[in-house]
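I opened my notebook to look up a few things in this structure, one entry at a time.

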Amino acid sequence: MLFEDCVKEIITKEDERYKLVSVSLLSSKTDIIKHISKRKDLRQIKEKSSFSELRKKIIEVLYSEYVTAQKIDSFFSDEALFKDWIIRISKDILKRLRLRSNSSATIDKDLDPSPYTIAFIVSRTFIYELIDWNKYQSRTFNTPESIESDLASVYALRYPINIEVLLELLKKDDGDLWKVFRYVIYKITDVVAYKYLYKLNNKDDLRSEAWIRSNEKIYNLILSNNTPNFETGIHLRNYIWRISVNNLANLIKKKNIVTNHIEDLNDIDKILSADWGEPTSDNFSFFDIDINNLEDIKLGLVNVLFNKPDGIYESISKGIDDKIDILLQHTDGKSYKELAENIYGSNLSAKEQKQCEDNLRQGVSRVKKTLVDRFKDLISKKLGDGKR
């Protein structure tokens, strides 16, 4: 690469990273590239040293000779300009932190704001609280890179944000955060609407109306501090789910609409075969369940059967593990004929084959009722003990 091209690339990337021209720390990028390209001492460094060494030297020249003290003073003294610049470079810092983090350990896993993020959101409210304005005014930091490095250290200690910080910021009516959080509410409402309305031609209108109502209600509840004390993001997600279900149910009732909603709780085949996505978590809690809400009970039962949370699965599966396994296989699409052949072999007579299939069918029917009864009893005991 020619020396002139090296200079252009280094300065252009520095400007792209720190927005030097847009905040008036540099006047004319083109003129500066021309001037630095004429420096024989820098040209010699390119011939004798590595590209990283050349970059280091060119950056030193850039800030010592072209980003003047007067420009830096003006930049720091303009609080609005400086804070806006902080937000712009914070996007890159938090993006790098997010890429290096374990996303499965953040609130993003529970609330699923994809393609956005809540755990590493660029929130002006939050970031401005973290900035020590006096520290920057003291001129301890003389280059954008030094400020960026300091911010990265601060953010590493305060990000990713957790459920407590999320709720604090929402209560402060944080516009940046509410924009993403409304999207979370929309996604949850969309899933709820699909499960109720997938056969209806007017489902899009009902879904939009339900989302508007859910968004308004959740917004008012949070700002007025009238929500429960959420232990995890899962609890918050289920709370949004419940509000969305209730709003949609009210709309359905108001408009006299017949839906595909499953009303028979004992029909476990339909409950298990429904495409729930990821409505639950290994981190099971009876806090999530409203015993009077069929949707909550179904979600809880699916969670227990598939995720087998310690202590809870054992309570409802004692003595019937083998029958639950058959139930799940049948739910997954295997016929009783296939199950009978897998369990008893394929050399049965026609009469024996039919008897085995009937036995399996009866066993599955009994285990469905047993599971529902045990789970309801378990919920009643837990919530009755004040553990909700």
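Predicted model: local features only at pLDDT ≥ 70, side-chain atom pairs only at ≥ 80, totals over all residues.

**Entry: I379**

I looked up I379 and found it in helix 20. Is I379 buried or exposed? I noted a relative accessibility of 0% for I379, so this residue counts as buried. Then I checked I379 against G300, which sits 79 residues away along the chain. The C-alpha atoms of I379 and G300 are 9.6 Å apart.

I stayed with helix 20, which runs over residues 350-384. Here D373 and K369 join their side chains in a salt bridge, with 2.8 Å from N to O. I counted along the helix: the two are four residues apart, about one turn. D373 has 33% relative accessibility, so I wrote it down as partly exposed.

How many salt bridges does the structure hold? I wrote down 20. I picked out some to look at by eye.

One of them is in helix 6, which covers residues 79-100. There, R88 and D84 meet through their side chains, and the N to O distance is 3.9 Å. A salt bridge needs a nitrogen within 4 Å of a carboxyl oxygen, so the pair with its 3.9 Å qualifies. R88 and D84 are four residues apart, or about one turn of the helix. R88 has a relative accessibility of 28%, so I marked it as partly exposed. D84 comes out as partly exposed too, because its relative accessible area is 36%.

Next I looked up D190. Which residue is its salt-bridge partner? I found R207, with the closest N and O atoms 2.5 Å apart. At 26% relative accessibility, D190 is partly exposed.

**Entry: D174, a charge without a salt bridge**

I went looking for D174 and found it in the loop that connects helix 11 (163-171) to helix 12 (175-197). D174 is buried, yet it has no salt bridge. What is the nearest side chain of opposite charge? I found R124, at 7.5 Å. A salt bridge asks for a distance within 4 Å. I also checked for polar contacts, and the side chain of D174 makes one with the side chain of S123, at 2.3 Å.

**Entry: a negative patch**

Next I turned to the surface. Which residues gather there in a patch of negative charge? My list reads D310, E314, D321, D322 and D325. I zoomed in on D322, which is placed in helix 18. Its relative accessibility is 48%, so D322 counts as partly exposed.

**Entry: two cis peptide bonds**

I looked at some backbone angles next. The peptide bond from S114 to P115 is cis, and its omega is near 10°. P115 sits in the loop between helix 7 (107-111) and helix 8 (124-130). I found another cis peptide bond where Y159 joins P160, with omega about 0°. P160 is in a loop as well, this one between helix 10 (144-158) and helix 11.

**Entry: positive phi**

Last, I looked up phi. D112 is not a glycine, but its phi is positive, about 50°. I found D112 in the loop between helix 7 and helix 8, and P115 is placed in that loop too. D112 has 36% relative accessibility, so I noted it as partly exposed.

N225 is not a glycine either, and its phi is positive at about 60°. Where is N225 found? I traced it to the loop between helix 13 and helix 14 (233-254). N225 counts as partly exposed, because its relative accessibility is 49%.

Conventions: Residues numbered from 1 in each chain as written. Heavy atoms only, no water. Patch = residues over 30% accessible without salt bridge, like charges linked within 9 Å, V, L, I, M, F, W, Y side chains within 5 Å. Areas by Shrake-Rupley, 256 points an atom, 1.4 Å probe, with all protein chains shown as cover. Lys, Arg positive; Asp, Glu negative; His and termini not counted. Charge placed at Lys NZ, Arg CZ, Asp CG, Glu CD. Buried < 20%, exposed > 50% of the residue type's maximum accessible area, 1.4 Å probe, protein only. Polar contact = N/O pair within 3.5 Å; in protein donor to acceptor, adjacent residues only side chain to side chain.
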